[in-house]
Amino acid sequence: MLNEILKKRNIPPLKNREEMLQILQQEIYGYIPPKPEGLSWEVQKDYIPNFCAGKATLDRVILSAQMPLGTFKFPIYVAIPTTDKKHPFFVNINFRDNIPDRYLPSEEIVDNGFAVISFCYKDVTDDNDDFTDGLAGVVYKDGKRDSTSAGKIAMWAWAAQRAMDFADTLDCLDGDFSIVCGHSRLGKTALLAAATDERFRFAFSNNSGCSGAAITRGKQGERVADICKNFPYWFCKNYYKYAQNEQKMPFDQHFLLSSIAPRYVYVASAQEDLWADPQSEFLCCVAASKAYEQLGHKGFVCDDILPHAPVCYHDGNIGYHLRGGSHYFSREDWKLFINYFNRFYKQN
Ligand code: GCU
């Protein structure tokens, strides 16, 4: 049944990872800015003393990246459980710099044994069409971009990769169990960050929808024309040509999930989030499964029916859940992802 439904969507066949990554960057997000020529940092220890009742430490770390047109600095927040072991960890791209935050239940996460490195996306570059602000200001001369230059999503993804550079230097973190995550526009960002950086072992995208984890062709709710009209600066300029012209896209969003293979990718949907379209997020998992199977892994293991909440598919390297309720990064999403993660987590 699902294959029949997908056939009607008329999505292009998968290609090899390198080709898909080129297409995704050239046609949707723009090329991720270059790695910095140098990265240094300054640690502000115990930014919040007795964090989580003393079960963790919370430092604020200012990263300084040397970029083509100057040095770019932004803060990250590093919460590490005080237990003496190597911790799996999240790199969380957040809407705000609150710690904890309504989308980031730090204490529950720490209680489950994870460290969390988070940053506020607006500390990287503003969520608007100003390409002179923040990171954009040290990448583009006078804010001018060409058709394949990074949009804002690619810049936020770059920042998640710099947080990973810092994480790589910490002995108390278990580099084999890193997760990049975010909600909505930042779920799209998390997927792109993982697709283009193999150090992320897991990607967890919550309600990422259009231009994220949802198949575009035949989608309900938001389409390329809507997103390019309302948020053109999230993407490279090439993407605009597909507004009202999606059949011409030489890709669909299953390229994004497939570029993460054989690493783990988790797609979380919400029943009432029709703008994101849970069914199209689910179908994207089905369509990406082949990339995993070709590499000898279980891809997406699900029943041959469209999902109805509540449902979880946690058996393969692609995980999925559909919960009741609306567009939100809820504690339930975190809990279900952690259940999925723990099936694959082996402590060293
Ligand atoms: C808008 C946008 C979505 C996006 C969401 C968000 O609704 O249309 O594509 O995911 O904002 O980031 O909250």
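Asn 112 sits in the loop that joins helix H3, residues 106–111, to strand E5, residues 115–120. Please keep in mind throughout that this is a predicted model. Asn 112 has a relative accessibility of 42%, and it therefore counts as partly exposed. From Asn 112 to Thr 216 the separation is 104 residues in sequence and 35 Å in space, taken C-alpha to C-alpha.

Gln 253 is placed in the loop between helix H6, residues 224–230, and helix H7, residues 254–258. Is Gln 253 buried or exposed? Its relative accessibility is 0%, so Gln 253 counts as buried.

I turn now to the ligand. Which residues surround the ligand? They are Phe 95, Ser 184, Arg 185, Lys 188, Glu 222, Ile 227, Phe 231, Trp 234, Trp 275 and His 327. Sorted by class, this shell comprises five nonpolar, two polar and three charged residues. For Arg 185, a side-chain N or O atom is 2.5 Å from an oxygen atom of the ligand. For Lys 188, the corresponding distance to a ligand oxygen is 2.9 Å. For Glu 222, a side-chain N or O atom is 2.5 Å from a ligand oxygen. The ligand taken alone exposes 320 Å², of which the protein buries 83%.

Finally, the interior. In soluble globular proteins, nonpolar side chains tend to be buried together. Here the largest nonpolar core has 125 residues, and the members that touch the most others are Ile 76, Phe 90, Phe 119, Phe 204 and Phe 337. The most is given to this core by helix H4, residues 152–167, which supplies twelve residues. What does Phe 119 touch, not counting residues up to four places away in sequence? Its contacts include Phe 74, Pro 75, Ile 76, Val 91 and Ile 93, together with Trp 156, Ala 159, Ala 160 and Ala 163.

How values were computed
Residues numbered from 1 in each chain as written. Predicted model: local features only at pLDDT ≥ 70, side-chain atom pairs only at ≥ 80, totals over all residues. Heavy atoms only, no water. Near = heavy atom within 4 Å. Polar contact = N/O pair within 3.5 Å; in protein donor to acceptor, adjacent residues only side chain to side chain. Areas by Shrake-Rupley, 256 points an atom, 1.4 Å probe, with all protein chains shown as cover. Nonpolar A, V, L, I, M, F, W, Y, C, P; charged D, E, K, R; others polar. Core = buried A, V, L, I, M, F, W, Y, C linked by side-chain atoms within 4.5 Å. Buried < 20%, exposed > 50% of the residue type's maximum accessible area, 1.4 Å probe, protein only. Helix = DSSP H or I, 4+ residues; strand = E, 2+ residues; numbered from the N terminus. Contact = heavy atoms within 4.5 Å.
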